[in-house]
Amino acid sequence: MIAAPSHRRRSHFFQRLMFWVFRLATYLVLACATYIFLDIGIKGSRTVFTSQAPFINLKFLTQPPQTLYVFDYNGQKMELSDREFRQWQETHKENVEATSIAYSAGGIWPCIVGTALLVVGSMILALFIGISAAIYLSEYSRETRLIRFIRIAILNLAGVPSIVFGLFGFGLFVIFFGWNVSLLAGWFTLGLMILPAIITASEESLRAVPQGLREGSLALGATKWQTIRKNVLPYALPGILTSSILGIARVAGETAPIMFTAAYAMRDEMPWQVTKWTDFFFQGVMALPYHIYVVSSKIPQNEYTERVQYGAAFVFLILVMLIALTSIVLREKQRRRLSW
Amino acid sequence: MVSAIDMPQTMPQEVSPQTDQPAEETETARVMIAVRDLDFAYGSHQVLHNVRLEMPARAVTAFIGPSGCGKTTLLRCINRMNDLVDGARITRGAIHLDGIDVNAPEVDVVDLRRRVGMVFQKSNPFPKSIYENISYGLRIAGVNKRSRIDEAVEKSLRGSALWDEVKDRLDANAFGLSGGQQQRLCIARALAVEPEVILMDEPCSALDPIATAKIEELIHELKTQYTIITVTHNMQQAGRISDYTAFFYLGRLIEFGSTAKIFTNPSEKQTEDYITGRFG
């Protein structure tokens, strides 16, 4: 065998070394993802699923959070929710030393509802403004200095930390407009936060519509708006919507923008329990990410709070995964249907 | 070349002995489109220089010349498709459609494009049904009566010799048609709005010889009712389908005359070189 010269051996060594560095970096990502999913999945499923039929902890999914009372009674460990504890006291007429643990009984139903409301409202808002702006940028505007400046502004907006959006929303909507902590303030704050993503995605989808369709339509005597409405937007819209579904995951997941603008740590009424319909927009709501934040950092930790934390995180993860999955399925369908 | 530009190819009052004057040949030939001393530029880059040309009605005029010579640009000036291009503008001269300056402020570009239809190099059917492709132009013009649209769809599909091939599947997506059928569909789409002029920008460049032959045949039939202006790279095609030919080189009109004259006895050496293939 011919001995390789020393410099060749060295370069071979580095080639193998770098290969392993890259490989390990990739596996590290996998390891982290697996750990997170397994940890939340295993611990969370203990809360969400039950051993008996219907196998799903419906109480957890359909009830508001309550305070948990834990005490010993005749050597038996009792875990009762707020309401159950009061009933128990009435029937037993006894005073017991009970430890109360906030939020650890009941469920997360109002949080699911609140998050859904926040997502729907802010997405409608962001889609309306975002698609309009994208149409202007891609179809109407010419590449002037102002437009270039606007594009830079959009890119910068995408890089603004979400807590800054939260403070901005707090200052403008909550304080200056006097909307208080409300759905409306949350919608606008979250909507503005994902606006850059929506504009960028919409513009890409619009630009993907072949120029020939526009020219063909214009050459038949269509106005620019007729062309956009009948011959550009319909083909861009599925793409816009599918890429926006990923925006939903972000809106649902952010805590910082809503903690000052829309989220309550605890609220007894459901959002539809309002006296006037206009009050609907000016009420704060509970939200999943904020609830997880509250039970994980605002109250003393113990085994009972852990149940809620992991349960809520598990439900949250499933919801976001479902949304992302829908997006992927829709996009694949879309790609097969419209290929130029 | 300078002499060629100075020569009044298209001015009837100054008939030059070398250039053939199509308008003089037939007494009835009405001038449909007149290009008057046109200069055109994309930004600071001038692409058309002093083009003078009169295209008669109900005849086929072919623009020939090497790539980048400005034929397509001139074609797109006629229905003002160049309005879509940033920085593109006519710097001098004018184009008259049936006596009306197409760039005059009172001319509505929508009306202009309804009178001047266009067929593009790459067939661009809309991703809709065949029926909707044809009815599109009528609907945007405000025609909603189903019977009238049905009638127009059949008429234009017959007009583009596509009716027999697609009459049983009008609701099928236009993308399912072959390339040649798609291009004929685009012609039918243009016919549906009943234009006076049809501009064709290399309508056969992406088609096979059989589909090309069909389109050429179609052009031959259409010229009895429409003024057709077509850009082509194919010399034989220009010879086959057109009545008049304009040869462009580097943004200038070198020669314009009846196709027979241009192809058999061109006045300019450059024209002859190009047609015979001796051109660089």
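Guide: An axis here is a line fitted to C-alpha atoms, for a helix over the stretch in contact, and an angle between axes runs from 0 to 180 degrees between N-to-C directions. The model is a predicted one. The pair in question is helix H5 (residues 130-140) of chain B and helix H8 (residues 179-192) of chain B, whose axes come within 7 Å and cross at roughly 30°. Angles under 35 degrees count as roughly parallel, and H5(B) and H8(B) are therefore roughly parallel to each other. The crossing in which H5(B) passes H8(B) is right-handed.

On the H5(B) side, the contact is made by Ile130(B), Asn133(B), Ile134(B), Tyr136(B), Gly137(B) and Leu138(B). These meet Leu185(B), Ala188(B), Arg189(B) and Ala192(B) in H8(B). By class, the residues of this contact comprise seven nonpolar, two polar and one charged.

H5(B) also has a part in the contact between the chains. There, 19 residues of chain B touch 16 residues of chain A. On the chain B side, two or more residues come from each of helix H4 (109-115), strand E6 (116-119) and H5 of chain B. That side is made up of ten nonpolar, four polar and five charged residues.

Strand E6 of chain B leads on to a sheet. It belongs to an open sheet of six strands in chain B, ordered E6-E7-E8-E3-E9-E10, in which the pairing is mixed. E6 and strand E10 (252-258) of chain B are the edge strands, and each pairs on one side only. On average, neighbouring strands of this sheet are turned by 15° against each other, direction ignored. Within the sheet, strand E3 (residues 60-64) of chain B and strand E8 (residues 227-231) of chain B run parallel and are joined by four bridges. Opposite Val60(B) stands Ile228(B) in E8(B).

Strand E1 (residues 65-73) of chain A pairs with E3(A) in the antiparallel sense over five bridges. The bridge partner of Gln66(A) in E3(A) is Ala105(A).

The domain assignment divides chain A into domain 1 (65-106) and domain 2 (110-337). The C-alpha centres of these two domains of chain A are 41 Å apart. Their contact takes six residues from domain 1 of chain A and eight residues from domain 2 of chain A. On the domain 1 side, E1 and E3 of chain A are the elements that give two or more residues. E3(A) gives the most to that side, with four residues. The domain 1 side divides into five nonpolar residues, one polar and no charged.

Key
Residues numbered from 1 in each chain as written. Chains lettered and ligands numbered in written order. Predicted model: local features only at pLDDT ≥ 70, side-chain atom pairs only at ≥ 80, totals over all residues. Parallel < 35°, antiparallel > 145°, perpendicular 65-115°, else oblique. Left-handed = near helix turned anticlockwise from the far one by under 90°. Contact = placed C-beta atoms within 7 Å. Nonpolar A, V, L, I, M, F, W, Y, C, P; charged D, E, K, R; others polar. Pairing = 2+ DSSP bridges. Domains from an automatic or database assignment.
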